[in-house]
Amino acid sequence: MRLPPAWPGAQPPPATATRGELPRITVVTPSYNQAEFLETTIRSVLEQGYPALDYYVIDGGSRDASVEILRYYEPWLSGWVSEPDRGQVDAIVKGLARAQGEWFNWINSDDLLAPGALWEVAHLADADLIAGRTQNFYAERLDRLRLSRGFSAREFVRLPVESRTRWHQPGIWYRTAALREIGIDASLHYRFDLDLLIRYCLRYPRVRYSEAVLAYFRLHGASKSLSQAEKFGQEHVQLLEKLLRLPEATSLHADARDALAALAWRQTLEELQLDHQRPRLQRAGELLRKAAKTPGAWGINATVDTLGRILFRKRRG
């Protein structure tokens, strides 16, 4: 299998940099039965040409051709394992335990590290967190370009209340020592990355932003983001409720309560929009009545958007 041509905007690495001048960077790829994409992901990391790379693939005991691919690339990997695990988060935690780098990120086995990404991370390494752009893509085309901006613990908590934060996990890099101190909550499977960012930024707030694309996020039918979207909302509630129990996060408790109320309101909006059994005007009237009793309802863009969809969008079929 050959890699696709270099992505648009790829920058060549500096020709004069040597291993001793560069921070060591750990990349972990969690994987399970992803042989269709795994080799391309591995090569997107190895072909960075970054001499201080520390790269692990943590496979969950795949039954497809994944192990054959890993054996083929073993000479270029820092390590790999294929054994049953409890999913993506467990694999990332295993990789973090092995990490030898100063900086750490995970690139899922259906995603890609953008050309030159590790060199960009090395250039910005005087911070607690590095955040660049992530390009979403389908097999046949590029999709939305996701930016990074406005990072702070408070803004991450306020995401459901129209926060100014924009983020996408594949483009975010952590200091390994700080990440180990904060810890990844393996009880979460869908919002563990948001939970991590809130707790990490609360303790380590210095962020460097990059305008470069650092990763490519593959959209396909089997990805968690598309196939299990409703579970992300459920875990969002769970992590906010957990935050309210953390004494060290007292400064965020009021915002967490606002966010929980906003998530509940968004659920109400979704139910009203999808209720096609009742007339449009009846549903719109109920939305207006409930919004009048819900503090901050009109401060959420989704309120106006949902009202417009109820009143004006044509039904399919």
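Predicted model: local features only at pLDDT ≥ 70, side-chain atom pairs only at ≥ 80, totals over all residues.

Reader: How many of the residues of β1 are buried?

Author: Seven of its seven residues, which span 25-31, are buried.

Reader: How many bridges join β1 to β2, and do the strands run parallel or antiparallel?

Author: Seven bridges join β1 to β2 (residues 53-59), and the two strands run parallel. One of the pairs is Ile25 with Leu53 of β2.

Reader: Which elements do the buried residues of helix α3 pack against?

Author: They pack against β1, β2, β4 (103-106), α6 (176-182) and α7 (192-203). The buried residues of α3 (residues 88-98) are Val89, Asp90, Ala91, Ile92, Lys94, Gly95 and Leu96.

Reader: Turning to α10 and α11, at what angle do their axes cross?

Author: The axes of α10 (residues 253-274) and α11 (residues 280-292) cross at roughly 170° and come within 10 Å. The helices are therefore roughly antiparallel, an angle over 145 degrees being counted as such. The crossing of α10 with α11 is right-handed.

Reader: Which residues make that contact?

Author: From α10 they are Trp265, Thr268, Leu269, Leu272 and Gln273, and from α11 they are Arg283, Glu286, Leu287, Lys290 and Ala291. Five of the residues in this contact are nonpolar, two are polar and three are charged.

Reader: What is found in the loop between these two helices?

Author: Pro279 is found in the loop between α10 and α11. Pro279 has a relative accessible area of 49%, so it counts as partly exposed, exposed being over 50%. The C-alpha atoms of Pro279 and Leu311 are separated by 9.6 Å, although the two are 32 residues apart along the chain.

Reader: A change of topic: what is the phi of Asn33?

Author: Asn33 has a positive phi of about 50°, although it is not a glycine. Most residues other than glycine have a negative phi. Asn33 lies in the loop between β1 and α1 (35-46), and at 33% relative accessibility Asn33 is partly exposed.

Reader: And where is Glu162 found?

Author: Glu162 is in the loop between α5 (153-157) and β8 (172-175). Glu162 is not a glycine either, yet has a positive phi of about 65°. Its relative accessibility is 33%, so Glu162 counts as partly exposed.

Methods:
Residues numbered from 1 in each chain as written. Heavy atoms only, no water. Axes fitted to C-alpha atoms, helices over the stretch in contact; angles between N-to-C directions. Helix = DSSP H or I, 4+ residues; strand = E, 2+ residues; numbered from the N terminus. Parallel < 35°, antiparallel > 145°, perpendicular 65-115°, else oblique. Left-handed = near helix turned anticlockwise from the far one by under 90°. Contact = heavy atoms within 4.5 Å. Nonpolar A, V, L, I, M, F, W, Y, C, P; charged D, E, K, R; others polar. Buried < 20%, exposed > 50% of the residue type's maximum accessible area, 1.4 Å probe, protein only. Pairing = 2+ DSSP bridges.
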